[in-house]
Amino acid sequence: MFGGLESIPKNSPHLRKSGSRSVVFDIGSGELGNSSEEDFLRNTESNEMKGGTIPLSSAAIVPSPLLLWRFKVLLFFIWGFCCCKIGWDSVMRMSADLRDLFLYEAFLYYNPLLLVTMMVWLWGINLWVFAQSNIGYVKIFDLDQSHLTHREIWKCATWMTIIVPTSMTAYLYLYSHGEVSLAASQPVLLYAAVLMTLIFPFDIFYLSSRFFFLRTVWRIVFPLQAISFPDFFLADIFTSMAKVFSDLERSVCRMVHRQVATIAWFEADSVCGSHSVGIPIALVLPYIFRFFQCLRQYKDTREKTALLNALKYSTAVPVIFLSALKYHVFPEKWTTIYRPLWLLSGVLNSLYSFYWDITRDWDLSCFTRIFKFNKPHTISNLLHGRKWVYVWVIGSNLILRCTWTYKLSAHLRHNYLTVFAISALEMLRRFQWVFFRMENEWNKTTNSKSSIQLSTVDNPNEEEKLLNSSSHTV
């Protein structure tokens with residue numbers, strides 16, 4: 001019914017135990033002999049008569065990957081249910097007047113790492129889509145052979161998803177049961193563990209990838225060299241994480257001044273309170289870094305596009321500091337002078353950023369007739385005729401660019417759940433921005449490679465000049 005016996009290769013996984021020598025020796029490359037076949041069948045029949053099985057390898061007793069995956073998912077849901085149950089019971093133990101203030105503080109310590117975890121998950125999805133669509137992100141980012149794939153990225157995100165909520169649950173439980181000192185140590189230990197994981201100098205925890213990330217961050221903060229694609233790509237992602245950096249600054253400030261698990265920080269005159277000047281400074285830093293990158297790009301290339309891009313990032317500065325002025329000026333001046341200026345700067349920043357996303361970062365030629373660009377193609381020629389994809393991306397990008405102004409405004413940060421939701425939506429906007437930005441860069445790379453090949457045929461002397469030219473648009 002299943003056919004006769006065939007020749008068995010030496011390296012058959014069914015005849016080899018992992019990490020050991022072969023179980024079957026010297027089978028040969030030809031057919032099995034008649035005597036060997038008869039002996040094998042005779043032994044099989046005798047074992048079946050005895051109710052036994054043939055232990056071809058120890059791999060037969062290993063659970064299937066699907067079974068292990070289901071078991072891990074089950075444990076994950078059990079863990080999530082326990083965290084939600086313990087956290088909810090801990091919050092309900094507190095008095096109603098203390099509950100909101102405490103949740104505001106607890107959320108401040110952990111929401112930056114939750115947003116970072118979300119961004120790591122989304123980046124893993126980006127890499128998975130790039131691998132499926134044959135976009136050479138390895139070449140674009142100039143990664144080595146030990147770069148992290150989407151599977152390793154998701155593994156890191158899984159551990160982050162487990163560790164951060166577990167620490168938050170422990171914080172809520174210990175504080176509600178009167179262990180204030182132990183509760184205060186939970187975010188401190190978590191932040192210290194994250195920092196040590198990043199700077200750990202030994203060859204564990206993906207050393208080469210951590211070094212690549214830290215080196216890129218250093219180049220972003222100090223743009224002393226020519227700007228590469230990973231430099232401004234990561235810097236653009238950092239601008240979407242300005243709220244994360246702002247909350248990290250406030251959290252570290254409270255840890256340094258020993259204000260964790262207290263409500264003293266909520267007072268207006270507190271050094272780490274909501275009126276602190278450190279909040280707008282932390283918000284504006286990613287835009288300042290990106291601004292200086294554009295100036296460095298202009299110094300190297302003398303392209304006016306880099307100056308226009310620098311102007312785009314400079315429009316975020318008035319939005320941030322005009323909003324912060326509400327805490328430092330009289331209410332009448334804020335209402336009559338600074339609030340209208342804040343609204344005007346917010347609209348300018350949103351529309352300018354939206355325009356740059358569509359026409360420069362993505363190079364969508366569907367807006368050619370509106371903005372009068374050089375490539376007159378219709379939207380039906382993009383992405384195999386899927387018009388709804390680009391309609392959704394353009395529309396959602398415009399809406400989320402406008403709501404992003406809400407997050408950049410310090411005087412609108414009291415409703416922490418709303419700000420967290422807007423920050424998460426900005427992560428999703430950046431997530432879809434990555435797809436089109438990388439596709440645009442990959443198209444430029446392939447087109448420049450084709451032009452180099454053609455130019456070498458016509459003008460062999462121009463090869464070195466074309467190879468040395470930079471095709472990245474910052």
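Student: How many cavities of 30 Å³ or more does the count come to?
Tutor: The count comes to 4 cavities of 30 Å³ or more. Keep in mind that this is a predicted model.

Student: What volume does the largest cavity have?
Tutor: The largest cavity has a volume of about 120 Å³. It is lined by 16 residues, and the closest to its centre are Thr-239, Tyr-287, Tyr-313, Ser-353 and Arg-401.

Student: And which elements give two or more residues to that lining?
Tutor: Those are α8, α11 (304-314), α13, α15 and α16. The largest share of the lining comes from α13, with 4 residues.

Student: How does the lining of the largest cavity divide into nonpolar, polar and charged residues?
Tutor: There are 8 charged residues in the lining of the largest cavity, along with 4 polar and 4 nonpolar ones.

Student: OK, next one. How much space lies in the second largest cavity?
Tutor: About 90 Å³. Its lining has 11 residues, and Leu-108, Asn-111, Lys-243, Asp-247 and Tyr-416 lie nearest the centre. Two or more lining residues come from each of α3, α9 (242-256) and α16.

Student: Which of the elements gives the most there?
Tutor: Helix α3, which gives 4 residues to the lining of the second largest cavity. By class, that lining has 6 nonpolar, 4 charged and 1 polar residue.

Student: What does Leu-113 touch, not counting residues up to four places away in sequence?
Tutor: Leu-113 touches Val-164, Leu-190, Tyr-191 and Val-194.

Student: Switching to the nonpolar cores. Which residues touch the most other members in the largest one?
Tutor: Phe-130, Phe-233 and Met-438 do, in a core of 38 residues. Each of α3 (96-132), α4 (137-141), α8 (229-239), α13 (331-361), α15 (387-408) and α16 (416-458) supplies at least two residues of this core. Helix α16 has the largest share, 8 residues.

Student: Which residues is Met-438 in contact with, leaving aside neighbours within four places in sequence?
Tutor: Met-438 is in contact with Phe-130, Ile-135, Tyr-137, Ile-140, Phe-141, Phe-229 and Phe-233. Another core lies apart from the largest one; it has 21 residues, including Val-91, Ala-106, Ala-184 and Val-260.

Student: Now the overall picture. What does the secondary structure come to?
Tutor: The protein has 17 helices and 0 strands. Of its 474 residues, 38% are buried.

Student: What share of the contacts with a separation of 6 or more comes from residues 24 or more positions apart?
Tutor: That share is 69%.

Technical notes
Residues numbered from 1 in each chain as written. Predicted model: local features only at pLDDT ≥ 70, side-chain atom pairs only at ≥ 80, totals over all residues. Heavy atoms only, no water. Buried < 20%, exposed > 50% of the residue type's maximum accessible area, 1.4 Å probe, protein only. Contact = heavy atoms within 4.5 Å. Core = buried A, V, L, I, M, F, W, Y, C linked by side-chain atoms within 4.5 Å. 1 Å grid on protein atoms, 1.4 Å probe; cavity = no way out; pocket = protein on both sides within 12 Å on 5 of 7 lines; lining within 4 Å. Points joined across faces, edges and corners; volume = space filled by probe spheres on them. Nonpolar A, V, L, I, M, F, W, Y, C, P; charged D, E, K, R; others polar.
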